[in-house]
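Have the viewer open while you read.

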Amino acid sequence: MESRRERAFPRTKHKKVDITSILRKSWYHLRLSVRHPSRVPTWDAIVLTAASPEQAQLYEWQLNRAKRMGRIASSTITLAVPDPDAQRIGSGAATLNAIFALARHYQSLGLHLGEQVETTENGSSGSSVPHEESNSGDSTEPMVRFMGKKHILLLHAGGDSKRVPWANPMGKIFLPLPFLAADDPDGPVPLLFDHILAIASCARQAFKNEGGILTMTGDVLPCFDASTLVIPEDASCIITVPITLDVASNHGVIVASNTGILTESYTVSLVENLLQKPSLEELVANEALLDDGRTLLDTGIIAARGKAWAELARLASSCEPMIEELLKSRKEMSLYEDLVAAWVPAKHEWLRARPLGEEMVRSLGTQKMFSYCAYDLLFLHLGTSSEVLDHLSGASSELVGRRHLCSIPATTSSDIAASAVVLSSKIEPGVSVGEDSLIYDSFISSGIQIGSLSVVVGINVPRDIGGMADDSFRFMLPDRHCLWEVPLVGCTERVIVYCGLHDNPKSSLSKDGTFCGKPWKKVLLDLGIRESDLWNSVGVQVNCLWNAKLFPILSYLEMLHLASWLMGLSDQNSRTLLPLWKSSRRVSLEELHRSIDFPKMCTGSSNHQADLAAGIAKACINYGMLGRNLSQLCQEILQKEASGVKICEDFLELCPKLEEQNSKVLPKSRAYQVQVDLLRACGDETTASHLEHKLWAAVADETASAVRYGFKECILESPSSTPTSADQNNHFDGYVDQPFCPRMVKVELPVRIDFAGGWSDTPPWSLERAGCVLNMAIRLEGCLPIGTIIETTEKTGILINDDAGNQLYVENIVSIAPPFDDNDPFRLVKSALLVTGLVHENILVSMGLQIKTWANVPRGSGLGTSSILAAAVVKGLLQITDGDESDENVARLVLVLEQLMGTGGGWQDQIGGLYPGIKFTTSFPGVPLRLQVIPLLASPQLILELQQRLLVVFTGQVRLAHQVLQKVVTRYLQRDNLLVSSIKRLTELAKIGREALMNCEVDELGKIMLEAWSLHQELDPYCSNKFVDKLFAFADPYCCGYKLVGAGGGGFALLLAKNAESGNELKNKLEDSDLNVKLYNWEIHLDN
């Protein structure tokens, strides 16, 4: 008999999830949505639930910090909502309460709740309910309509984090998780919250233009490609994943229909039933088993869209009486059992018997719930301390950043295990840290020994504890222990807290409860402590670590001594320490949770981060070559409101000395950028803007010097000066005295399309680091579209004509000098005359030139038109004057020409036009800059396949490369690590693409193009726009890859079809569409 689930869930080979790729793709999308939300939609609001008003205050601080750090768009509303009266009401009721609180928050901001909604009679931003609807009694409808259009991300982050007690002060959702931290070493430590935001940002697309809500939990990181998420219209949806039965027996299970949407990576089907911690018999009875013996796990990720979301918002708008009823009855309503059951008819009878069940069935029961099963979703649960360390120690070195924003001593003065994770911490000499331990947000002074598999968070051990000498103090944290500090309201000292890594604070004394890894009975016996010392016998509470009054509030030194004693490590007699412990004021983990001084904790953390950033920045200036991102570090330093600006001013005073000491090796452009960043941090925008002009001039000077040593001096000296040796290779000597001889040269060149590696060719990157570009020369509509004709004339002077009808006669050639006006249509030819040396030679004393140029491609094409036209003019000028017209010399001269013009740019465009066919080009930094062009011998099969599958399409969108270029170059000069790693990856893609083309693997080229396009958007989100996104979405079903050529922003697009048939189909679809794009016939230009 055929399995019921076989059609919907075919047996698939389980693939290992590539967490690194998934997270990196998600982070690309998150940053894109934050930097360009009008193009890549982001959340209208992000809401966190909290256990108490105090915790909500902490969460608000974290949300504001996330905005400042670029994790959340400035347009997104953020809100932390505590449970009413700090009493647990369950995740379902907390969901309704959070939605209601968000609506009230919108009202408090004075926002209208709909197009028909007006302000009150006095014009204030009070009630936004229109008079007619107020009279009708249905005052909630405007709010429901308003909220129904919004896109909300709701994260359940309340609770007391008993199983990860050291994360209790910060909130488990904000615990450190340094995945991909190495991508941005000067940025903040990535938190679990940040990764959840990244995954969730990709899910935003699933709502399209309908409003909706996505709810997630704060102790799980679901690693999957959320960009593929499908949420059916006007329905709710729960994300599921196939799981083995042993795991399912402790979690929620979804029973889904055997019909629905089936793809290679996911299935969408109707939910038929919900099971909680089912036995095997229940799974069989409810037909919940898949054909491979697994079942569907409820991941806790739930979405509602369209009408389903509107009905949920309507229920939330009237939830106050429901919540009051829960508070009075001290009952809870679960999101995962109660609320979602309202969308599953099979659960309605069960739900009606639950608290508020009747109301939920009546309000939500008409809508459906679907299951989105992501086959390869990986669930990273961080529910216990050991799970957190497991995820850090078991991950690859590429994924986990083990040293981030930290100050650690030399290996000869400390013993810090290579596998230890040290984040936002300063460690002094004389400290040891064992394998796979986590140190976060701490200052560890000499004399501290931390064992293996231990967690230390928020610890600040003073250098001089109680006046003791440095070498006399010792404190050891054993293997598999946790140590943290908590500031309490009304306490001067921060309380030191500790427990064993595997201690479960919820486990009772009478069962398997432990403290510091030992059973409670042994702890009490060894230390001479009685139960009554720890627990109050009054009441019905279960005696456990959570409510044990263990932790004394004393001086820091006394607390450390008692910590050693309680952990069973102290050599001192219990007769001395036991009375001290008994007589002290002591608190439990539960009391700590209720008494944390969150403002003090936030201020302390900010100051600690600022001090670390200041130390790193100072070391970079004093000892380094300015390799750190000082702009980013200054953001942290400025969080010290009292002294942040003064610190930056002190750094600014160090800059002249730094330039003097490193003038031979430190590029001036980088030194200027550091000063610009520090000036802006100090609030001196006027001086910073003035200095930026020097910065760009320095980039041009450095480029000219790298291309040809002494070239800058040559082009700027007076025409009567003696020629420098740098220009003698153009062989102009003796030409002056020759009689006039008519000459004419014509240079025609192809355009270029690039596959990968762009930006690595651009100064100052290419002057300091190797560049690699893979591109191809092509003809358009059967011809070479770019060219020039240059003729000698008996009449002196220069006559310039272009294909736009512009004409200019320059009588006195020596009048040509930079800088040129941006609107000067002849600055390209003028710059070419300069770089070829004609302006500074006597060659044109007795004759003149007539120069005609054309470019038969649309303006702003992205095909390298400007650079290739410059190459044509330079090559023509060198030909007519018998100069060095070699392609390499021309390419390097054009690099300088673009700096003179003020447009900037790299070498790949002129290389693309000067050298035929497909080529892989590498540049080697140095003086002079060296280029190595490697032609790819394309087989007839490869050429045919590219001709059939690659569509060259003009988008109609005009783009100006220099606008994008200035932003990217500025980020490079700032040493923006995300930009540096992106360009490095682009060079790797160029190498991979070369191998793919040599092996005729065109599909692999498509993948490379897609990743290159993502990286280009990482470099500048404005390299695309809504029209381009629409074009690529239209082409996506037919393509294996696509990208804009060049710097992006518009111009031409490359669409690589899956096969020849798809290419023809896509071509016909585009011609019949309303996109109004133009498809060009093209062919590879194989011979110059």
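Contact here means heavy atoms within 4.5 Å. Keep in mind that this is a predicted model.

Start towards the end of the numbering, with α35 and α36. L1031, F1034 and A1035 in α35 meet L1066, K1069 and L1070 in α36. Sorted by class, this contact has five nonpolar residues, no polar ones and one charged residue. How do the two axes sit relative to each other? The axes of α35 (residues 1026–1035) and α36 (residues 1060–1072) come within 11 Å and cross at roughly 135°. That angle makes α35 oblique to α36. The crossing of α35 past α36 is right-handed.

Next, jump to α1 and α6. Helix α1 (residues 19–35) packs on helix α6 (residues 192–203) at an angle of about 80°, with the axes 8 Å apart. The two are therefore roughly perpendicular to each other. From α1, the residues in the contact are I22, L23, S26, W27, H29, L30 and S33, and they meet D194, H195, L197, A198, I199, S201 and C202 of α6. By class that gives eight nonpolar, five polar and one charged.

The remaining pair is α20 with α21. Helix α20 spans residues 598–623 and helix α21 spans residues 630–637; their axes come within 8 Å and cross at roughly 145°. This crossing is left-handed. On the α20 side the contact uses Q609, A610, A613, A614, I616, A617, C620 and I621, while α21 brings L630, L633, E636 and I637.

| Helix pair | Axis distance | Axis angle |
|---|---|---|
| α35 and α36 | within 11 Å | roughly 135° |
| α1 and α6 | 8 Å | about 80° |
| α20 and α21 | within 8 Å | roughly 145° |

Which strand order does the open sheet of four strands have? The order is β38-β39-β37-β40, and the pairing is antiparallel. At the edges are β38 (1039–1044) and β40 (1078–1080), each of which pairs on one side only. From one strand to the next, the twist averages 25°.

Inside this sheet, β37 (residues 950–954) and β39 (residues 1052–1057) pair in the antiparallel sense over five bridges.

An unreviewed UniProt entry lists residues 1002–1071 as "domain: GHMP kinase C-terminal". In the model, residues 1002–1071 are 57% helix and 17% strand, and the end C-alpha atoms are 24 Å apart.

**A five-stranded sheet**

Another open sheet has five strands in the order β28-β31-β34-β32-β33, with mixed pairing. Its edge strands are β28 (744–749) and β33, and each of them pairs on one side only. Direction ignored, neighbouring strands of this sheet are turned by 10° against each other on average.

How many bridges join β28 to β31? Six bridges do, and β28 runs antiparallel to β31 (residues 786–793). One place to look is M744, whose bridge partner in β31 is E791. Helix α28 (residues 865–880) lies across β28, β31 and β34 (848–855), running at about 30° to β31.

**Backbone spots to check**

Two cis peptide bonds are worth a look. The bond from P763 to P764 is cis, with omega near 5°. P764 lies in the loop between β29 (751–756) and α26 (765–768). P818 and P819 are also joined by a cis peptide bond, with omega about 0°. P819 is found in the loop between β33 (807–810) and α27 (827–835).

Finally, look at L180. Its phi is positive, about 60°, although L180 is not a glycine. L180 is placed in the loop between β3 (151–156) and α6.

Methods: Residues are numbered from 1 along each chain as its sequence is written. This is a predicted model: local features need pLDDT of at least 70, side-chain atom pairs count only at pLDDT 80 or more; totals for chains, interfaces and linings use all residues. Side-chain values use heavy atoms; hydrogens and water are left out. Axes are lines fitted to C-alpha atoms, for helices over the stretch in contact, and angles run from 0 to 180 degrees between N-to-C directions. Angles under 35 degrees count as roughly parallel, over 145 as roughly antiparallel, 65 to 115 as roughly perpendicular and the rest as oblique. A crossing is left-handed if the near helix is turned anticlockwise from the far one by less than a right angle, and right-handed if clockwise. Ala, Val, Leu, Ile, Met, Phe, Trp, Tyr, Cys and Pro count as nonpolar, Asp, Glu, Lys and Arg as charged, and the others, Gly among them, as polar. Two strands pair if DSSP finds at least two bridges between them. UniProt positions are given in the numbering used here, feature names are shortened, and annotations may be inferred rather than shown by experiment.
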